[in-house]
Amino acid sequence: MATSETETSQRPNLVFIFPDQMRAQACGFMGNEQLRTPNMDLLAEQGVTFTNAVSTCPVCTPYRASLITGRYPLSMGMVLNDVRLPVTELSIAEVLRDEGYETGYVGKWHLDGPYRGGFTPPGPRRQGFDYWAVAECTHNYMNSFYYRDDPEPIWIEGYDADFHTGLAVEYIQEHAGSPFCLFVSWGPPHEPCGLMPEEYKVYGPASIQPRPNAPEAPVDEIAGYYSHITALDRNLGRIMQALEEAGVADNTILVFTSDHGDMLGSQGETRKQKPWDESIMVPFVMRWPGEIPAGLRMDTLINAPDVMPTLLSLMEVAIPDTVEGRDLAFAALGQPGAEPSSAFIGNICPFGAPLPEWRGVRTKAHTYVRTLEGPWLLYDNAEDPYQLNNVVNDPEHAAVQERLDDELHDWLKGLGDDFQPREVYWERFGYEVDDRGVYPHINEVGVSDLEGE
């Protein structure tokens, strides 16, 4: 049934903000007192914080595909960075556009294949987003670019997250009179952690207190990582102010989260792709004044594919049959409901640094992970929040391990995940990778993207 103009105008706007590679443990509202995030903390005071938000596959492209489709990466073949999301997938932007929403996307996309400096033309590869101010993937924050509707890059002066925020503010101002959906994807705090204006470097290595599971933490890098986050916090404040000044703050669902975390020396590891909390756990805050209770903290597990159905449900838009995630709108509203007992996690095709293929479950209390060789990790996160004691195959934890192994088996069966070596999926989806398992990417605009892994 078609939606009337009156019904459409009463539906809330959506502003969805997600920096790249920001772990849950790097926010004031999640208990980190080492860095200043006043706007993030204020947002948490005004809305709901999901304290168990999970990145189902802690890699940029797989997460982003899950985010906008509500589906798991393997279901779409989105198992590596730099592969293209099929245009046959149904995105949240396409659903909302059909409901009368204006749709816009600003910042990093990373869903259109290997050409990181390439142009995504207007049409189906934009997955339903009409306003477009996007770079496929660049982390050269002080020498960045983006595209609109012409195949010539537009170069950005200064710190690109500041510029992207300016575009977001303009979009809000120009679309305040009609229902809109705006996604804003900042590149920081993803490395390089020192690439920012000198005056933005507000933390020094001496101020960094490493996590107990990171005795040899790269404090120089963490200082830069935190500095990026404080810079992003200022930009979040600009968007919050723009919503207020446009008179739409009370009718806008504002979400702040990230695609995955960063190990930053925890467990002796770096970057993403790993099954430990610093890699898989992300911040997740949602505000909708008058609808979502202020200051609410929920320990309900919310995974990347759950985001789309949860938002659509809150917006009173029908959830497509293609969606595999769960509608957790009840939790966002602080109401009782059937919560998931676990979140499915995995890395189907690890790349770059040596890492086994793995699948697992994250519950409120435990993390359990298998490789192709068998059980690998089991942590009691309630008793061991820094995951210092791996109790896998410990007889005292046999009953818990068996229960979680059964739960993982149910997830694999339900998702049609046959848990094979990565080479099987390379062949299945026709991906030709290099000797590090990386799907080769190409930069077309003449500058380094500084991506790393």
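Residues are numbered from 1 along each chain as its sequence is written, and side-chain values use heavy atoms, without hydrogens and water. Local features need pLDDT of at least 70, side-chain atom pairs count only at pLDDT 80 or more, and totals for chains, interfaces and linings use all residues.

The pLDDT (the predictor's confidence in each residue, from 0 to 100) averages 95 over the protein, and 96% of the residues score at least 70. Over residues 1-6 the pLDDT stays under 50. Where pLDDT is low, the predicted coordinates should not be read in detail.

Helices (H or I, at least four residues) and strands (E, at least two) are DSSP runs, numbered from the N terminus. Strands pair if DSSP finds at least two bridges between them. An open sheet of 4 strands runs in the order β12-β13-β14-β15, with antiparallel pairing. Its edge strands, β12 and β15, each pair on one side only. Between β13 and β14 there are 5 bridges, and W358 stands opposite T371 in β14.

| Strand | Residues |
|---|---|
| β12 | 343-347 |
| β13 | 358-362 |
| β14 | 366-371 |
| β15 | 374-380 |

Helix α6 (residues 160-175) and helix α7 (residues 219-245) pack at about 10°, their axes 9 Å apart; axes are lines fitted to C-alpha atoms, for helices over the stretch in contact, and angles run from 0 to 180 degrees between N-to-C directions. Helix α6 is therefore roughly parallel to α7 (angles under 35 degrees). Contact means heavy atoms within 4.5 Å; the residues involved include A161 and V169 of α6 and L232 and I239 of α7.

Definitions and conventions: Angles under 35 degrees count as roughly parallel, over 145 as roughly antiparallel, 65 to 115 as roughly perpendicular and the rest as oblique.
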